[in-house]
Amino acid sequence: NHSINVASLVGHNTVRRAGMNGDFDRAPKAEELQRMRDLVSQAMRDGAVGFSTGLEYIPGTYGKTDEIVEMAKASAEHGGVYATHMRDEGEFVEKSIRESIEIGEKAGCPVEISHFKISSRKRWGASIQTIKLVEDARARGQQVTVDQYLYPASSTGIGILFPSWVFEGGAEKAKERLTDPATRARIRKGLIEKAAQRGVPDFGFAVVANHSANQSFNGKNIAEITKLTRQKSDLNSQAEQVIEIQLAGGAQMVLHSMSDADVDRIFRQPFTMIASDSGVHNPDSASIPHPRGYGNNARVLGIYTREKKLVGLEDAVRKMTSLPAGTFRLWDRGLLRPGMAADVVIFDEKTVGDRATFEQPKQYPTGFSFVIVNGQVVIENEKHTGAKPGQMLRGREAGK
(Lines give C-alpha, C1' and ligand atoms only; values in the text may rest on other atoms or scores of the structure.)
Protein backbone atom coordinates (compact mmCIF):
# COMPACT_ATOMS: atom_id res chain seq x y z
CA ASN A 1 0.00 0.00 0.00
CA HIS A 2 1.42 3.36 -1.00
CA SER A 3 0.18 6.79 -1.99
CA ILE A 4 2.34 7.24 -5.08
CA ASN A 5 2.92 5.30 -8.28
CA VAL A 6 6.18 3.37 -8.51
CA ALA A 7 8.05 2.32 -11.66
CA SER A 8 11.29 0.38 -11.27
CA LEU A 9 14.57 0.00 -13.15
CA VAL A 10 16.73 -3.13 -12.92
CA GLY A 11 20.09 -2.17 -11.41
CA HIS A 12 23.50 -3.22 -12.73
CA ASN A 13 25.08 -3.41 -9.24
CA THR A 14 22.40 -5.87 -8.08
CA VAL A 15 22.65 -7.91 -11.29
CA ARG A 16 26.45 -8.03 -11.13
CA ARG A 17 26.37 -9.26 -7.51
CA ALA A 18 23.86 -11.96 -8.41
CA GLY A 19 25.45 -12.98 -11.70
CA MET A 20 29.16 -13.10 -10.81
CA ASN A 21 30.81 -15.37 -8.30
CA GLY A 22 32.63 -13.44 -5.58
CA ASP A 23 35.55 -11.34 -6.82
CA PHE A 24 34.28 -8.43 -8.91
CA ASP A 25 37.44 -6.60 -10.00
CA ARG A 26 37.52 -8.36 -13.37
CA ALA A 27 35.54 -8.88 -16.56
CA PRO A 28 32.74 -11.47 -16.29
CA LYS A 29 33.23 -14.92 -17.83
CA ALA A 30 31.04 -15.74 -20.84
CA GLU A 31 28.54 -17.73 -18.76
CA GLU A 32 28.40 -14.99 -16.09
CA LEU A 33 27.68 -12.35 -18.72
CA GLN A 34 24.91 -14.53 -20.13
CA ARG A 35 23.45 -15.00 -16.64
CA MET A 36 23.46 -11.22 -16.08
CA ARG A 37 21.85 -10.64 -19.46
CA ASP A 38 19.16 -13.21 -18.55
CA LEU A 39 18.53 -11.49 -15.20
CA VAL A 40 17.98 -8.16 -16.98
CA SER A 41 15.66 -9.80 -19.54
CA GLN A 42 13.66 -11.44 -16.74
CA ALA A 43 13.35 -8.15 -14.84
CA MET A 44 12.14 -6.45 -18.03
CA ARG A 45 9.52 -9.19 -18.54
CA ASP A 46 8.50 -8.66 -14.91
CA GLY A 47 7.80 -4.99 -15.64
CA ALA A 48 11.01 -2.94 -15.21
CA VAL A 49 11.04 0.22 -17.35
CA GLY A 50 14.76 0.00 -18.08
CA PHE A 51 18.29 -0.95 -17.02
CA SER A 52 20.31 1.36 -14.77
CA THR A 53 23.95 1.63 -13.73
CA GLY A 54 25.75 3.22 -10.78
CA LEU A 55 29.27 3.25 -12.17
CA GLU A 56 30.87 5.10 -9.23
CA TYR A 57 29.89 2.27 -6.90
CA ILE A 58 31.07 -1.27 -6.13
CA PRO A 59 30.75 -3.65 -7.94
CA GLY A 60 29.47 -1.78 -11.00
CA THR A 61 32.57 0.37 -11.26
CA TYR A 62 34.51 -2.70 -12.46
CA GLY A 63 32.14 -3.24 -15.40
CA LYS A 64 33.66 -2.21 -18.73
CA THR A 65 31.66 -0.55 -21.52
CA ASP A 66 31.13 -3.74 -23.56
CA GLU A 67 29.68 -5.57 -20.53
CA ILE A 68 27.17 -2.78 -19.95
CA VAL A 69 26.23 -2.67 -23.65
CA GLU A 70 25.19 -6.34 -23.46
CA MET A 71 22.82 -5.69 -20.55
CA ALA A 72 21.49 -2.48 -22.10
CA LYS A 73 20.68 -4.57 -25.23
CA ALA A 74 18.56 -6.88 -23.05
CA SER A 75 16.69 -3.80 -21.82
CA ALA A 76 16.28 -2.45 -25.36
CA GLU A 77 14.79 -5.76 -26.55
CA HIS A 78 11.89 -5.16 -24.16
CA GLY A 79 11.41 -1.46 -24.97
CA GLY A 80 13.45 -0.24 -21.99
CA VAL A 81 15.82 2.70 -21.53
CA TYR A 82 19.43 2.83 -20.31
CA ALA A 83 19.58 5.07 -17.21
CA THR A 84 22.95 5.84 -15.68
CA HIS A 85 24.72 7.36 -12.72
CA MET A 86 27.93 7.82 -14.71
CA ARG A 87 31.49 6.86 -13.72
CA ASP A 88 32.51 10.43 -13.00
CA GLU A 89 30.61 13.71 -12.61
CA GLY A 90 33.61 15.92 -11.93
CA GLU A 91 37.10 15.99 -13.40
CA PHE A 92 36.40 13.42 -16.17
CA VAL A 93 32.72 14.15 -16.77
CA GLU A 94 32.98 14.45 -20.58
CA LYS A 95 34.52 10.97 -20.87
CA SER A 96 31.65 9.56 -18.78
CA ILE A 97 29.00 11.24 -20.95
CA ARG A 98 30.66 9.90 -24.10
CA GLU A 99 30.59 6.39 -22.64
CA SER A 100 26.89 6.74 -21.69
CA ILE A 101 25.99 7.88 -25.21
CA GLU A 102 28.10 5.12 -26.78
CA ILE A 103 26.30 2.45 -24.70
CA GLY A 104 22.91 3.71 -25.89
CA GLU A 105 24.12 3.83 -29.48
CA LYS A 106 25.53 0.27 -29.46
CA ALA A 107 22.57 -1.16 -27.53
CA GLY A 108 19.99 0.67 -29.62
CA CYS A 109 18.13 2.17 -26.67
CA PRO A 110 17.35 5.65 -25.27
CA VAL A 111 19.87 7.06 -22.77
CA GLU A 112 18.82 8.86 -19.58
CA ILE A 113 21.70 10.43 -17.63
CA SER A 114 20.76 10.85 -13.99
CA HIS A 115 21.43 13.88 -11.77
CA PHE A 116 23.37 15.66 -14.51
CA LYS A 117 25.89 17.96 -12.83
CA ILE A 118 29.47 19.24 -12.52
CA SER A 119 30.65 18.04 -9.12
CA SER A 120 34.20 19.41 -9.10
CA ARG A 121 35.00 23.04 -8.36
CA LYS A 122 37.95 22.70 -10.74
CA ARG A 123 35.48 22.08 -13.58
CA TRP A 124 32.85 24.73 -12.80
CA GLY A 125 31.50 26.07 -16.11
CA ALA A 126 32.05 22.75 -17.93
CA SER A 127 28.26 22.36 -18.31
CA ILE A 128 28.76 24.32 -21.56
CA GLN A 129 30.73 21.34 -22.94
CA THR A 130 28.61 18.60 -21.31
CA ILE A 131 25.35 20.06 -22.66
CA LYS A 132 26.91 20.20 -26.15
CA LEU A 133 27.76 16.48 -26.00
CA VAL A 134 24.07 15.73 -25.35
CA GLU A 135 22.92 18.19 -28.04
CA ASP A 136 25.28 16.63 -30.59
CA ALA A 137 23.99 13.12 -29.85
CA ARG A 138 20.39 14.31 -30.17
CA ALA A 139 21.24 16.06 -33.45
CA ARG A 140 22.51 12.69 -34.74
CA GLY A 141 19.05 11.27 -34.01
CA GLN A 142 19.82 9.56 -30.71
CA GLN A 143 17.32 9.85 -27.83
CA VAL A 144 19.31 11.27 -24.91
CA THR A 145 17.75 13.00 -21.91
CA VAL A 146 19.06 14.04 -18.49
CA ASP A 147 17.52 14.63 -15.09
CA GLN A 148 18.49 17.09 -12.39
CA TYR A 149 17.77 18.15 -8.82
CA LEU A 150 17.94 21.90 -8.26
CA TYR A 151 20.63 22.25 -5.57
CA PRO A 152 24.38 22.91 -5.75
CA ALA A 153 25.08 19.92 -3.47
CA SER A 154 24.78 16.14 -3.83
CA SER A 155 24.13 13.37 -1.31
CA THR A 156 25.38 9.79 -0.97
CA GLY A 157 27.19 7.47 1.43
CA ILE A 158 30.59 8.44 2.84
CA GLY A 159 32.12 5.57 0.81
CA ILE A 160 32.10 7.84 -2.25
CA LEU A 161 35.01 9.79 -0.71
CA PHE A 162 37.24 6.69 -0.75
CA PRO A 163 39.12 5.08 -3.67
CA SER A 164 36.86 2.21 -4.86
CA TRP A 165 39.51 -0.49 -4.29
CA VAL A 166 39.03 -0.05 -0.53
CA PHE A 167 35.66 -1.85 -0.70
CA GLU A 168 36.54 -4.66 -3.11
CA GLY A 169 35.63 -8.05 -1.61
CA GLY A 170 33.02 -6.78 0.83
CA ALA A 171 32.77 -5.24 4.29
CA GLU A 172 35.22 -7.54 6.11
CA LYS A 173 37.98 -6.97 3.54
CA ALA A 174 37.35 -3.22 3.70
CA LYS A 175 37.63 -3.32 7.50
CA GLU A 176 40.96 -5.18 7.25
CA ARG A 177 42.34 -2.53 4.89
CA LEU A 178 41.07 0.35 7.03
CA THR A 179 42.68 -1.07 10.17
CA ASP A 180 46.00 -2.23 8.71
CA PRO A 181 48.46 0.67 9.39
CA ALA A 182 50.28 0.57 6.01
CA THR A 183 47.08 0.23 3.95
CA ARG A 184 45.39 2.90 6.08
CA ALA A 185 48.18 5.35 5.22
CA ARG A 186 47.61 4.60 1.52
CA ILE A 187 43.85 5.12 1.99
CA ARG A 188 44.46 8.49 3.69
CA LYS A 189 46.51 9.54 0.66
CA GLY A 190 43.73 8.32 -1.67
CA LEU A 191 41.09 10.27 0.27
CA ILE A 192 43.14 13.48 0.00
CA GLU A 193 43.75 12.90 -3.74
CA LYS A 194 40.03 12.33 -4.42
CA ALA A 195 39.14 15.52 -2.51
CA ALA A 196 41.73 17.41 -4.59
CA GLN A 197 40.02 16.15 -7.78
CA ARG A 198 36.93 18.01 -6.60
CA GLY A 199 39.00 21.20 -6.39
CA VAL A 200 38.29 21.68 -2.67
CA PRO A 201 40.86 22.88 -0.08
CA ASP A 202 39.80 20.35 2.61
CA PHE A 203 36.90 18.13 3.73
CA GLY A 204 34.73 21.09 4.76
CA PHE A 205 32.59 20.41 1.66
CA ALA A 206 31.42 17.08 3.15
CA VAL A 207 28.59 17.38 5.70
CA VAL A 208 27.30 14.41 7.72
CA ALA A 209 23.56 13.91 7.16
CA ASN A 210 23.24 10.82 9.34
CA HIS A 211 25.84 8.90 11.37
CA SER A 212 24.03 6.36 13.56
CA ALA A 213 27.04 5.76 15.82
CA ASN A 214 27.21 9.43 16.89
CA GLN A 215 24.27 11.60 15.91
CA SER A 216 25.94 14.74 17.31
CA PHE A 217 27.92 14.66 14.03
CA ASN A 218 24.70 15.16 12.01
CA GLY A 219 24.69 18.56 10.27
CA LYS A 220 28.43 19.18 10.81
CA ASN A 221 31.12 18.99 8.12
CA ILE A 222 34.21 16.75 8.36
CA ALA A 223 36.54 19.70 9.05
CA GLU A 224 34.33 20.82 11.97
CA ILE A 225 34.05 17.28 13.35
CA THR A 226 37.84 16.80 13.13
CA LYS A 227 38.41 20.02 15.08
CA LEU A 228 35.88 18.96 17.73
CA THR A 229 37.13 15.40 18.20
CA ARG A 230 40.86 15.78 17.51
CA GLN A 231 41.53 19.49 18.05
CA LYS A 232 43.29 19.41 14.67
CA SER A 233 42.55 20.85 11.24
CA ASP A 234 45.23 19.39 8.93
CA LEU A 235 44.20 17.25 5.94
CA ASN A 236 45.68 14.03 7.34
CA SER A 237 43.62 14.36 10.52
CA GLN A 238 40.48 15.05 8.47
CA ALA A 239 41.15 11.95 6.34
CA GLU A 240 41.64 9.95 9.57
CA GLN A 241 38.25 11.23 10.76
CA VAL A 242 36.60 10.06 7.52
CA ILE A 243 38.13 6.58 8.06
CA GLU A 244 36.89 6.49 11.68
CA ILE A 245 33.33 7.40 10.60
CA GLN A 246 33.42 4.64 7.96
CA LEU A 247 34.67 2.10 10.53
CA ALA A 248 31.91 3.12 12.97
CA GLY A 249 29.23 2.15 10.45
CA GLY A 250 29.54 4.81 7.76
CA ALA A 251 27.34 7.85 7.22
CA GLN A 252 25.00 9.46 4.73
CA MET A 253 26.60 12.68 3.46
CA VAL A 254 25.70 15.98 1.78
CA LEU A 255 28.55 17.12 -0.49
CA HIS A 256 28.84 20.79 -1.52
CA SER A 257 30.90 20.98 -4.72
CA MET A 258 28.65 22.31 -7.50
CA SER A 259 28.01 25.83 -8.84
CA ASP A 260 24.68 27.65 -9.20
CA ALA A 261 25.62 28.75 -12.73
CA ASP A 262 25.99 25.14 -13.91
CA VAL A 263 22.72 24.15 -12.17
CA ASP A 264 20.91 27.03 -13.92
CA ARG A 265 22.38 26.25 -17.35
CA ILE A 266 21.47 22.55 -17.16
CA PHE A 267 17.93 23.37 -15.98
CA ARG A 268 17.25 25.56 -19.02
CA GLN A 269 17.87 22.74 -21.52
CA PRO A 270 14.73 21.32 -23.21
CA PHE A 271 15.95 17.73 -22.60
CA THR A 272 16.35 18.18 -18.81
CA MET A 273 13.68 16.62 -16.60
CA ILE A 274 13.32 17.02 -12.83
CA ALA A 275 14.12 14.24 -10.35
CA SER A 276 14.83 14.56 -6.64
CA ASP A 277 17.41 11.70 -6.50
CA SER A 278 16.17 11.24 -2.94
CA GLY A 279 15.44 8.17 -0.91
CA VAL A 280 12.39 7.99 1.37
CA HIS A 281 13.08 9.80 4.65
CA ASN A 282 11.69 9.25 8.12
CA PRO A 283 10.68 12.75 9.31
CA ASP A 284 10.97 11.64 12.95
CA SER A 285 14.58 10.40 12.79
CA ALA A 286 17.59 12.44 13.98
CA SER A 287 19.08 12.61 10.48
CA ILE A 288 19.67 15.91 8.67
CA PRO A 289 19.27 14.73 5.06
CA HIS A 290 19.67 16.61 1.80
CA PRO A 291 16.64 18.96 1.49
CA ARG A 292 15.89 17.67 -2.03
CA GLY A 293 13.69 14.91 -0.56
CA TYR A 294 11.31 17.56 0.79
CA GLY A 295 11.68 20.58 -1.48
CA ASN A 296 12.99 19.74 -4.94
CA ASN A 297 9.93 20.13 -7.18
CA ALA A 298 8.50 23.05 -5.20
CA ARG A 299 11.90 24.73 -5.51
CA VAL A 300 11.70 24.34 -9.30
CA LEU A 301 8.33 26.10 -9.41
CA GLY A 302 9.15 28.78 -6.84
CA ILE A 303 12.80 29.80 -7.20
CA TYR A 304 13.75 28.62 -10.70
CA THR A 305 10.51 29.37 -12.52
CA ARG A 306 8.69 32.19 -10.69
CA GLU A 307 11.70 34.06 -9.28
CA LYS A 308 14.63 33.36 -11.61
CA LYS A 309 12.34 32.93 -14.67
CA LEU A 310 14.80 30.47 -16.25
CA VAL A 311 11.95 28.68 -18.05
CA GLY A 312 8.23 29.32 -18.41
CA LEU A 313 5.72 27.68 -16.05
CA GLU A 314 4.37 25.35 -18.75
CA ASP A 315 7.88 24.14 -19.56
CA ALA A 316 8.71 23.60 -15.87
CA VAL A 317 5.57 21.45 -15.56
CA ARG A 318 6.52 19.53 -18.76
CA LYS A 319 9.92 18.73 -17.22
CA MET A 320 8.14 17.00 -14.30
CA THR A 321 5.30 15.31 -16.17
CA SER A 322 5.14 14.52 -19.90
CA LEU A 323 8.93 14.50 -20.46
CA PRO A 324 9.67 11.80 -17.85
CA ALA A 325 6.48 9.88 -18.70
CA GLY A 326 7.46 9.84 -22.38
CA THR A 327 11.09 8.98 -21.66
CA PHE A 328 10.06 5.90 -19.67
CA ARG A 329 7.27 5.09 -22.17
CA LEU A 330 4.43 5.46 -19.67
CA TRP A 331 2.08 6.47 -22.47
CA ASP A 332 -1.07 6.87 -20.35
CA ARG A 333 0.60 9.31 -17.91
CA GLY A 334 2.01 12.82 -17.83
CA LEU A 335 -0.70 14.76 -19.71
CA LEU A 336 -4.15 16.12 -18.85
CA ARG A 337 -6.22 14.41 -21.54
CA PRO A 338 -9.36 12.25 -21.65
CA GLY A 339 -8.44 8.60 -21.19
CA MET A 340 -5.15 9.32 -19.38
CA ALA A 341 -4.54 8.25 -15.77
CA ALA A 342 -5.86 10.91 -13.38
CA ASP A 343 -2.58 11.94 -11.73
CA VAL A 344 -3.14 15.64 -11.06
CA VAL A 345 -1.34 18.25 -8.95
CA ILE A 346 -3.17 21.53 -8.21
CA PHE A 347 -0.92 24.33 -6.97
CA ASP A 348 -0.89 28.10 -6.64
CA GLU A 349 1.80 29.39 -9.00
CA LYS A 350 2.11 32.62 -6.94
CA THR A 351 2.79 30.94 -3.57
CA VAL A 352 4.24 27.50 -4.36
CA GLY A 353 7.70 27.10 -2.83
CA ASP A 354 10.05 24.95 -0.77
CA ARG A 355 10.84 25.56 2.89
CA ALA A 356 13.46 22.82 3.29
CA THR A 357 17.00 24.11 3.93
CA PHE A 358 20.34 22.35 4.37
CA GLU A 359 20.19 23.23 8.08
CA GLN A 360 16.51 22.27 8.54
CA PRO A 361 15.58 19.98 5.65
CA LYS A 362 12.51 18.24 7.07
CA GLN A 363 10.03 20.93 6.10
CA TYR A 364 7.22 20.35 3.63
CA PRO A 365 6.60 22.76 0.74
CA THR A 366 3.76 25.25 0.51
CA GLY A 367 1.27 26.04 -2.26
CA PHE A 368 0.19 22.50 -3.22
CA SER A 369 -3.56 22.42 -2.58
CA PHE A 370 -4.37 18.98 -3.98
CA VAL A 371 -2.50 15.91 -5.20
CA ILE A 372 -4.68 13.34 -6.98
CA VAL A 373 -3.22 9.90 -7.74
CA ASN A 374 -5.15 7.54 -10.02
CA GLY A 375 -8.26 9.63 -9.42
CA GLN A 376 -8.05 9.63 -5.61
CA VAL A 377 -7.22 12.69 -3.48
CA VAL A 378 -3.99 12.03 -1.54
CA ILE A 379 -3.21 15.62 -0.48
CA GLU A 380 -6.09 17.95 0.38
CA ASN A 381 -5.31 21.54 1.42
CA GLU A 382 -1.65 20.57 2.01
CA LYS A 383 -2.60 17.66 4.33
CA HIS A 384 -2.23 13.94 3.59
CA THR A 385 -5.63 12.22 3.50
CA GLY A 386 -4.27 8.75 4.25
CA ALA A 387 -5.39 7.47 0.84
CA LYS A 388 -3.08 4.90 -0.79
CA PRO A 389 -4.15 4.56 -4.43
CA GLY A 390 -0.59 4.18 -5.78
CA GLN A 391 0.16 1.44 -8.30
CA MET A 392 3.20 -0.44 -9.60
CA LEU A 393 3.70 0.91 -13.13
CA ARG A 394 5.09 -1.77 -15.43
CA GLY A 395 7.05 -1.41 -18.64
CA ARG A 396 4.97 -1.56 -21.81
CA GLU A 397 6.37 -4.95 -22.80
CA ALA A 398 6.06 -6.68 -19.41
CA GLY A 399 5.34 -10.37 -19.79
CA LYS A 400 6.73 -10.63 -23.35
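This is a predicted model: local features need pLDDT of at least 70, side-chain atom pairs count only at pLDDT 80 or more; totals for chains, interfaces and linings use all residues.
Gln231 is not a glycine, yet its phi is positive, at about 55 degrees.

Helix 9 covers residues 235–247 and includes Ser237. Is Ser237 buried or exposed? The relative accessible area of Ser237 is 9%, and the cut-off for buried is under 20%, so Ser237 counts as buried. Leaving out residues up to four places away in sequence, Ser237 touches Thr226, Arg230 and Lys232.

## Lys309

A positive phi of about 55 degrees is also found at Lys309, again a residue that is not a glycine. Lys309 sits in the loop between helix 11 (292–307) and helix 12 (313–320). With a relative accessibility of 63%, Lys309 counts as exposed.

## Helix 2 and what follows

Helix 2 runs over residues 30–45, which makes 16 residues. From its first C-alpha to its last, helix 2 reaches 23 Å, close to the 22 Å expected at 1.5 Å a residue. After helix 2 comes Gly47, with a positive phi near 120 degrees.

Which residues of helix 2 are buried? They are Glu32, Met36, Arg37, Val40, Ser41, Ala43 and Met44. An α-helix has 3.6 residues a turn, so residues three or four places apart point the same way. The elements that cover the buried residues of helix 2 include strand 2 (10–11), helix 1 (12–19), strand 3 (50–54) and helix 3 (65–76).

## A cis peptide bond

The loop between strand 3 and helix 3 holds Pro59. The peptide bond from Ile58 to Pro59 is cis, and its omega is near -5 degrees.

## Helix 4 against helix 5

Two packed helices are described by the angle between their axes and the distance between the axes. For helix 4 (residues 93–107) and helix 5 (residues 127–139), the axes come within 10 Å and cross at roughly 15 degrees. Angles under 35 degrees count as roughly parallel, so helix 4 is roughly parallel to helix 5. Their crossing is right-handed.

On the helix 4 side, the contact is made by Val93, Glu94, Ile97, Arg98 and Ile101. Helix 5 contributes Gln129, Thr130, Leu133 and Ala137. Sorted by class, the contact of helix 4 with helix 5 has 5 nonpolar, 2 polar and 2 charged residues.

Technical notes. Residues are numbered from 1 along each chain as its sequence is written. Side-chain values use heavy atoms; hydrogens and water are left out. Axes are lines fitted to C-alpha atoms, for helices over the stretch in contact, and angles run from 0 to 180 degrees between N-to-C directions. Helices (H or I, at least four residues) and strands (E, at least two) are DSSP runs, numbered from the N terminus. Angles under 35 degrees count as roughly parallel, over 145 as roughly antiparallel, 65 to 115 as roughly perpendicular and the rest as oblique. A crossing is left-handed if the near helix is turned anticlockwise from the far one by less than a right angle, and right-handed if clockwise. Contact means heavy atoms within 4.5 Å. Ala, Val, Leu, Ile, Met, Phe, Trp, Tyr, Cys and Pro count as nonpolar, Asp, Glu, Lys and Arg as charged, and the others, Gly among them, as polar. The expected span of a helix is 1.5 Å times one less than its number of residues. Buried means under 20% relative accessible area, exposed over 50%, partly exposed in between (1.4 Å probe, protein chains only).
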